[in-house]
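Here is a friendly walk through one model, from its aromatic pairs to its overall build. Have the viewer open as you read.

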Amino acid sequence: MIRPIATTREMTGMPTGRLAVWWLIASEIVIFGGVLGSYLMHRIGHKEWAAASEHTNTWAGAFNTLVLLTSSLSAVLAHNAALRKDGKRAAKLLWATIGGGGIFLVVKSIEWTTEIQHGYTITANNFWSFYYTAAGLHGLHVIAGMIVMMFVAADAAKGKELQRVENAGLYWHFVDLVWIFLFPLLYIAK
């Protein structure tokens with residue numbers, strides 16, 4: 001098997017793949033930091049947003065929080081299995097993580113369908129514009145994480161490229177962490 005020449009950065013001693021994931025996460029922090037910062041500034045300046053946010057489904061948001069936290073646990077367990085060179089178990093646990101992402105998206109779809117049917121659309125007011133933009137951007141990241149994990153799980157099941165399990169898990173934990181900020185801001189803060 002041909003191995004890439006640059007597998008570890010000399011200055012950091014960190015594998016190239018892990019370093020790349022951390023760079024990706026840093027750039028994503030800038031994106032979500034801008035969205036969340038903008039949301040907070042508008043929220044402080046627009047007291048009427050409290051009334052609009054009362055129409056979000058707090059139970060759906062709380063359930064999705066539990067789902068993402070559980071899926072992060074399965075990602076950690078997948079990494080642990082990969083460290084033990086148990087690719088088949090790592091792959092199964094990654095599929096459990098993917099399943100958690102799928103549940104999250106199904107719940108979010110039902111939630112959005114209900115909200116839209118009640119007239120809470122992206123054009124209803126500025127709160128709903130921010131709500132759909134922030135939650136939608138997060139949802140796209142959930143989908144991206146699921147797709148990456150599908151490829152990583154396929155290789156892990158064959159015992160190949162097990163170091164990628166950690167990289168996929170790092171990204172998934174970031175996606176989970178973003179939701180930990182979004183949930184209270186969009187659903188709970190009044």
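How many aromatic pairs does the structure hold? This is a predicted model, and the structure holds 18 aromatic pairs.

| Pair | Distance of centres | Angle of planes | Class |
|---|---|---|---|
| Y39 and F130 | 6.0 Å | 65° | edge-to-face |
| F104 and W179 | 5.1 Å | 85° | edge-to-face |

Take Y39 and F130 to begin with. Because their planes stand at 65°, over the 60 degrees that the class asks for, the pair counts as edge-to-face. Y39 belongs to helix α1 (residues 16-45) and F130 to helix α5 (residues 126-157), so this pair ties together parts that are 91 residues apart in sequence. Both Y39 and F130 are buried.

Now turn to F104 and W179. The planes of these rings meet at 85°, so this pair is edge-to-face too. F104 sits in helix α4 and W179 in helix α6 (residues 163-188), and the pair links distant parts of the chain, 75 residues apart. Both F104 and W179 are buried.

**The fold as a whole**

Stepping back, the protein has 6 helices and 0 strands, so to speak in the order α-α-α-α-α-α from the N terminus on. Its C-alpha trace spans about 60 × 35 × 20 Å along the principal axes. Of the contacts between residues at least 6 apart in sequence, 75% join residues at least 24 apart.

Of the 190 residues in the protein, 41% are buried. The exposed surface comes to about 10,400 Å², with carbon and sulfur atoms supplying 71% of it. On the charge side, you will find 15 positive and 11 negative side chains, and the centres of the two sets lie 9 Å apart.

In soluble globular proteins, nonpolar side chains tend to be buried together. Here the largest nonpolar core has 47 residues, and V165 and L186 have the most contacts inside it. Each of α1, α2 (49-53), α3 (58-83), α4, α5 and α6 supplies at least two residues of this core, while the largest share, 14 residues, comes from α6. Beyond its neighbours up to four places away in sequence, V165 touches A78, H79, A82, A90, L94, V152 and A156.

**Two residues to look at**

Is E115 buried or exposed? At 4% relative accessibility, E115 falls under the 20% cut-off and therefore counts as buried. E115 is part of helix α4 (residues 87-117). Not counting residues up to four places away in sequence, E115 touches H55, T56, N57, Y120, W128, Y131 and Y132. One of these, N57, is 58 residues from E115 in sequence, with a C-alpha to C-alpha separation of 8.5 Å.

H42 lies in helix α1. Its relative accessibility is 31%, so H42 counts as partly exposed. Leaving aside neighbours within four places in sequence, H42 is in contact with W49 and F130; F130 is the ring that pairs with Y39. For A62, 20 residues from H42 along the chain, the C-alpha separation from H42 is 24 Å.

How values were computed: Residues are numbered from 1 along each chain as its sequence is written. This is a predicted model: local features need pLDDT of at least 70, side-chain atom pairs count only at pLDDT 80 or more; totals for chains, interfaces and linings use all residues. Side-chain values use heavy atoms; hydrogens and water are left out. Helices (H or I, at least four residues) and strands (E, at least two) are DSSP runs, numbered from the N terminus. Buried means under 20% relative accessible area, exposed over 50%, partly exposed in between (1.4 Å probe, protein chains only). Contact means heavy atoms within 4.5 Å. Rings of Phe, Tyr and Trp (its six-membered ring) pair if their centres lie within 6.5 Å; planes under 30 degrees apart count as stacked, over 60 as edge-to-face and the rest as tilted. Accessible areas come from the Shrake-Rupley method with a 1.4 Å probe; for residues, only the protein chains shown count as cover. Lys and Arg count as positive and Asp and Glu as negative; His and the chain ends are not counted. The place of a charge is taken as NZ of Lys, CZ of Arg, CG of Asp or CD of Glu. A nonpolar core is a set of buried Ala, Val, Leu, Ile, Met, Phe, Trp, Tyr and Cys residues joined through side-chain atoms within 4.5 Å.
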